[in-house]
Amino acid sequence: MLIPDTVSTFKPENKMSSHRRRVKHFDRKSGPRKALLRGLVTSLIEHGRITTTVDRAKEVRRHVEKAITLGKKGDLAATRLLLSRFPNKEAVATIVKDLSPRFKTRPGGYTRIIKIGRRPGDTAEMAFLEFVDYDFEAKTAKTEEAAPKAKKADAKTAAKPAAKAKKASTKLVAAKKKAVKKTQKKARAAARA
């Protein structure tokens, strides 16, 4: 049976398929999308592990792995190219001086994605994005050692100015209340007379 030509209403300009689209857009224009990716890349470089959605992790992984491969060259041109892509001097210095030597013998695959379930609010699938040599136990041990020392020092230095500020604010509030009561008393006396 032949199908008449009038039945076919497919118009390519109306139907766009997602085949061969390499970039995730995250429902953002190019500027905010670039800022999001730069922030995620910088956070991953700084901390070694980040928690994000699976789609974002897959997109960020592309950029981080290209940056580390570029950082392996170690020359001025590579550093400047990295600075143009990620305008954060500390992050670029970390890529060139720390991450690239760490992965010198590795031909790629510097990161891993570990799925951790769904986010409670919107049930988006979440994941850890981390470097393959990330040591979770060492990181937690460092933070546990540093936390008690920092808490004691912060408690001493923060307690004195906080107490003075609290006293000053309570005096100010008391003075305002006193002024309000005085004006109310005068208004009542004038109303009676």
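**View 1. The whole chain, element by element.** From the N terminus on, the elements of this protein run α-β-α-α-α-β-β-α. That comes to five helices and three strands, where helices (H or I, at least four residues) and strands (E, at least two) are DSSP runs, numbered from the N terminus. The model is predicted, so to speak, with conditions attached: local features need pLDDT of at least 70, side-chain atom pairs count only at pLDDT 80 or more, and totals for chains, interfaces and linings use all residues. Residues are numbered from 1 along each chain as its sequence is written, and side-chain values use heavy atoms, with hydrogens and water left out. Of the 193 residues in the protein, 23% are buried; buried means under 20% relative accessible area, exposed over 50%, and partly exposed in between (1.4 Å probe, protein chains only). The accessible areas themselves come from the Shrake-Rupley method with a 1.4 Å probe, and for residues only the protein chains shown count as cover.

**View 2. Glu 130 and Arg 49 meet in a salt bridge.** A salt bridge here is a side-chain nitrogen of Lys or Arg within 4 Å of a carboxyl oxygen of Asp or Glu, and a search of the whole structure finds seven of them. Side chains of opposite charge can pair when their charged atoms come close. For Glu 130 and Arg 49, the N to O distance is 2.8 Å. Glu 130 lies in strand E3 (residues 125–131) and Arg 49 in strand E1 (residues 49–53), so the pair ties together parts that are 81 residues apart in sequence. Both residues are buried, and Glu 130 has a relative accessible area of 4%.

View 3. The side chains of Arg 112 and Glu 130 meet in a salt bridge, at 2.7 Å from N to O. This pair links distant parts of the chain, with Arg 112 in strand E2 (residues 111–118) and Glu 130 in strand E3, 18 residues apart. Arg 112 counts as partly exposed because its relative accessibility is 32%. Taken together, Arg 49, Arg 112 and Glu 130 are linked in a network of salt bridges.

**View 4. Around the loop between E2 and E3.** Here you can find Thr 123, which lies in the loop between E2 and E3. Thr 123 has a positive phi of about 55 degrees although it is not a glycine, and at 47% relative accessibility Thr 123 counts as partly exposed. Another salt bridge to look for pairs the side chains of Arg 119 and Asp 122, with 2.9 Å from N to O. Arg 119 is partly exposed at a relative accessible area of 32%, and Asp 122 is partly exposed at 46%.

**View 5. Lys 72 and Glu 65, two buried charges without a salt bridge.** Lys and Arg count as positive and Asp and Glu as negative, while His and the chain ends are not counted. Lys 72 sits in the loop between helix H2 (54–71) and helix H3 (76–85). For Lys 72, the nearest side chain of opposite charge is Glu 65, 9.4 Å away. The Lys 72 side chain does reach the backbone oxygen of Arg 106, at 2.5 Å. Glu 65 is found in helix H2, and for Glu 65 the nearest side chain of opposite charge is Arg 61, 5.2 Å away. The side chain of Glu 65 reaches the backbone nitrogen of Gly 109 at 3.3 Å.

**View 6. A positive surface patch takes in Arg 20, Arg 22, Lys 66 and Arg 85.** Patches are made of residues with over 30% relative accessible area and no salt bridge; like charges are joined within 9 Å, and nonpolar side chains (Val, Leu, Ile, Met, Phe, Trp, Tyr) within 5 Å. The place of a charge is taken as NZ of Lys, CZ of Arg, CG of Asp or CD of Glu. Arg 22 is in the segment before helix H1 (30–47) and, at 72% relative accessibility, counts as exposed. Arg 20 also has its place in the segment before H1, with 84% relative accessibility, and so counts as exposed. Its backbone is worth a look too: Arg 20 has a positive phi of about 60 degrees although it is not a glycine.

**View 7. Phe 26 in the segment before H1.** Phe 26 is buried, with a relative accessible area of 17%. Phe 26 and Leu 36 are 10 residues apart in sequence and 9.6 Å apart in space, C-alpha to C-alpha.

Methods
Polar contact = N/O pair within 3.5 Å; in protein donor to acceptor, adjacent residues only side chain to side chain.
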